[in-house]
Amino acid sequence: MGNYRPRKRLDAKEYVKGVLEGDRVLLSRAITIVESNLASDKILAKDIIQSILPSSGKSIRIGITGVPGVGKSTFIESFGKHLISQGHKVAILSIDPSSQRSKGSILGDKTRMEDLANMEEAYIRPSASGDTLGGVANKTGETMLLCEAAGYDVILIETVGVGQSETAVHGMTDFFLLLMLSGAGDELQGIKKGIMEMADMLVINKADGDNVKKSQLARRQYENALHIFPQSESGWTPVVTTASALKNIGIAQIWDKVQEYKNLVTENGYFKSNRKEQQIQWMYNNIHEELKNLFYSSDQVKRSLIKLEKDIIQSKVSPVKAAEMIIGEFKKTL
C-alpha cells in the first residue's frame, strides 16, 4: 500500500456536479474519496460533502438488521424491487466493521442480489473496511448524503455485524427494521433486549410452506414481548408482521407500514427533531474519531505504547497508570 497513488482526482466542483446529475460513476468515485484515509482526499471529501449538503436529506432512511441465516440479502432484494416498482430510487449501504477480518460482507457479494444490482434505479455499495465501527459509521453517513444528493429517495442501511453496529445504524436512520425467524422462544433468548427496543418493526421472514403456522405463533409471541418495552419517543407502536422474501409475500405491506410511520412522525414533529439530534451526535462521533486518529498517529505515542505494553506484561505498571502516563506524554506534544 506504501506506493499506492490514487487515480487522478478531479476538482470538488466536478464531483458535485456529477453527483447532482445522478452520474453513477462520479457518485462511486466521490464515495471512494469519502472512504479514503489519504490526507488530500479527506480535504477533498469535506469540500464535496459541504457542497452537496443542501441537496441531501430528502430520503427516508431505513435501517435493516437480523439474526444470521434470516435471509437478509433475499429480503433486501425483494424489498428493493418492490420500492423500484413504486417509482423509487433505492441505495443500499452496509455497515460492516468486521469486513477487514472476514474479507467481505454479504453486500460485497453482489451476486446475492443480482436482479437488484442490475437495475438502473438501485445503487449497492458495500461498507468501507475499517478498523473501528465509528470510522465505518461516519463514512457510511457521508455516503448516504451523497446518495441522497444523487436522487436516491430510499436509503437502506444494513448492518452485517452484531452488537454495536445496530446502535450505529439506528443512530443514522429514521426507521429500524429487525428481521427474525420463527421459533420465537429460542430467538428471544439470542437477541439482545436493546436491539428489540430499537425496532420500529419486526418482520418474521421465511413465512412460507411448512413455516406459516410457526411464523404466526412467533408473531404473537413477539407482539407480547414488545408490550414490556416503554412507549417510544416517536409515538409509534412497533409492528410485528410475517413475510416471505423468497415468495414475495408481505413485502408491499411492510412498505405501507413504513409510510404510515413516516406520516405519523412528520405530523407529530418527531421526524425533524430526531434528524437534528442525529446530526449533533454525528458531530460528536467525528470528534471522537479525529481525536483517536490524532492520538494513535503520533510517533511518540507509537514508541511509548511498545514500551508500556512490555511494562504491563511484566507487572511493572498497571494498565490504568500506563494509560494516564501515555496521555500525559501526548498532551505535551500538542
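Trainee: I have the structure open. How do I begin with the strands, and in what order do they lie in the sheet?

Mentor: Start with the general idea: strands in a sheet pair through backbone hydrogen bonds, in a parallel or antiparallel way. In this predicted model, seven strands make an open sheet, and going across it you meet β3-β2-β4-β1-β5-β6-β7, with parallel pairing.

Trainee: Which strands stand at the edges?

Mentor: Those are β3 (122-125) and β7 (239-242); each has a single partner strand, so one side of each lacks a neighbour in the sheet. Going from one strand to the next, the twist averages 20 degrees.

Trainee: Through which helix does the chain cross from β6 to β7, and what is the handedness?

Mentor: The path goes through α11, and this β-α-β crossover is right-handed. Helix α11 (residues 211-226) packs on the sheet, where it touches β5 (175-180), β6 (201-204) and β7. The direction of α11 makes about 170 degrees with that of β7.

Trainee: Are the residues on the two faces of β6 buried or exposed?

Mentor: Both faces are covered. Met201 and Val203 are buried on one side, and Leu202 and Ile204 are buried on the other.

Trainee: Now for the pockets. How much space lies in the second largest pocket?

Mentor: The general idea is to roll a probe the size of a water molecule over the atoms, which shows where empty space is left. Here the second largest pocket holds about 1200 Å³. It is lined by 47 residues, and the closest to its centre are Thr167, His170, Gly171, Met198 and Tyr270.

Trainee: Which elements give two or more residues to that lining?

Mentor: They are α7 (133-149), α8 (164-170), β5, α10 (193-198), α11 and α13 (270-296). The most comes from α13, with 12 residues.

Methods
Residues are numbered from 1 along each chain as its sequence is written. This is a predicted model: local features need pLDDT of at least 70, side-chain atom pairs count only at pLDDT 80 or more; totals for chains, interfaces and linings use all residues. Side-chain values use heavy atoms; hydrogens and water are left out. Two strands pair if DSSP finds at least two bridges between them. Helices (H or I, at least four residues) and strands (E, at least two) are DSSP runs, numbered from the N terminus. Axes are lines fitted to C-alpha atoms, for helices over the stretch in contact, and angles run from 0 to 180 degrees between N-to-C directions. Contact means heavy atoms within 4.5 Å. Buried means under 20% relative accessible area, exposed over 50%, partly exposed in between (1.4 Å probe, protein chains only). A crossover is right-handed if, with the strands pointing away from the viewer, the path from the first strand over the helix to the second runs clockwise. On a 1 Å grid over the protein atoms alone, a cavity is a set of points where a 1.4 Å probe fits but cannot get out, and a pocket is an open set with protein on both sides within 12 Å along at least five of seven lines; lining residues have an atom within 4 Å of a point. Grid points are joined across faces, edges and corners, and a volume is the space filled by probe spheres set on the points.
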